[in-house]
Amino acid sequence: MQGVTVVDHPLVQHKLTLMRDKERSTKGFRQLLNEIGMLLCYEVTRDLPMERIQIETPLTTMEGAQIAGKKLVLAPILRAGVGFLDGMLTLVPAARVAHIGLYRDPESLQAVEYYFKAPSDLADRMVLVLDPMLATANSAVAAIDRLKERGAKDLRFVCLLAAPEGIEKLRGAHPDVHIWTASIDDRLNDHGYIEPGLGDAGDRMYGTR
């Protein structure tokens, strides 16, 4: 599917299957989401720009490579997107963090914003928008709209599961934003949940299901 990368690494797929199991404990679900977040971050950042620098090793002088430009911004959509943060910050501890508070109206399924806080220099940074589920894509579109309003130009969307309907809507609204996901599932049900899916990621993270 154009504009979408499915991360099919065996460790990602194995952990995803464990997460789908309805008997998985809250603790286990959170731990797996953390681990998959780290693996997805590894994939989504594999083309970061690099530059050469001179360093001193204990033995000699050499030229090494480091990431060029300003550090990443990780932008989780609250509340479930926070589940990706720890794993990703383990890989990129210098990353800035933006927080986007959205909830889905149960009747209209539209995204309602209640909080937004982001670094002032988004235009100079790559921004990874994080949400485990790309279902209706209403929250994803709203979050990216707000980030672009604040100047973000280089955005990537990272999720655990995506529905075809959500991919179509997000790509239609923001064709410049590439999507990374562990799985493209079958469909959305009448309540806007991904099937086969894994239920409500936020509820399962916080034990409120």
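1. Val141 is located in helix H4, which spans residues 138-149; helices (H or I, at least four residues) and strands (E, at least two) are DSSP runs, numbered from the N terminus. The model is predicted: local features need pLDDT of at least 70 and side-chain atom pairs count only at pLDDT 80 or more, while totals for chains, interfaces and linings use all residues. Residues are numbered from 1 along each chain as its sequence is written, and side-chain values use heavy atoms, with hydrogens and water left out.

2. Val141 counts as buried because its relative accessibility is 12%; buried means under 20% relative accessible area, exposed over 50%, and partly exposed in between (1.4 Å probe, protein chains only). Setting aside residues up to four places away in sequence, Val141 touches Lys169, Leu170, Ala173 and His174, where contact means heavy atoms within 4.5 Å. The C-alpha atom of Val141 is separated by 39 Å from that of Gly64, 77 residues apart along the chain.

3. Under "binding site", an unreviewed UniProt entry lists Ile194, Gly199, Asp200 and Ala201. From this set, Ile194, Gly199, Asp200 and Ala201 belong to the lining of the largest pocket. UniProt positions are given in the numbering used here, feature names are shortened, and annotations may be inferred rather than shown by experiment. On a 1 Å grid over the protein atoms alone, a pocket is an open set of points where a 1.4 Å probe fits, with protein on both sides within 12 Å along at least five of seven lines; lining residues have an atom within 4 Å of a point.

4. Ile194 lies in strand E13 (residues 194-195) and is buried, since its relative accessible area is 6%. Beyond four places in sequence, the contacts of Ile194 include Met133, Leu134, Leu161, Asp185 and Arg187. Gly199 sits in the loop between E13 and helix H6 (201-206) and is partly exposed, at a relative accessible area of 40%.

5. Most residues other than glycine have a negative phi, and most peptide bonds are trans. The bond from Glu195 to Pro196 is cis, with omega near 0 degrees, and Pro196 is in the loop between E13 and H6. Leu78 and Arg79 are also joined by a cis peptide bond, with omega about 10 degrees; Arg79 is in the loop between strand E4 (73-78) and helix H3 (85-91).

6. Ala137 has a positive phi of about 75 degrees although it is not a glycine. Ala137 is in the loop between strand E9 (133-134) and H4, and counts as buried at 4% relative accessibility.
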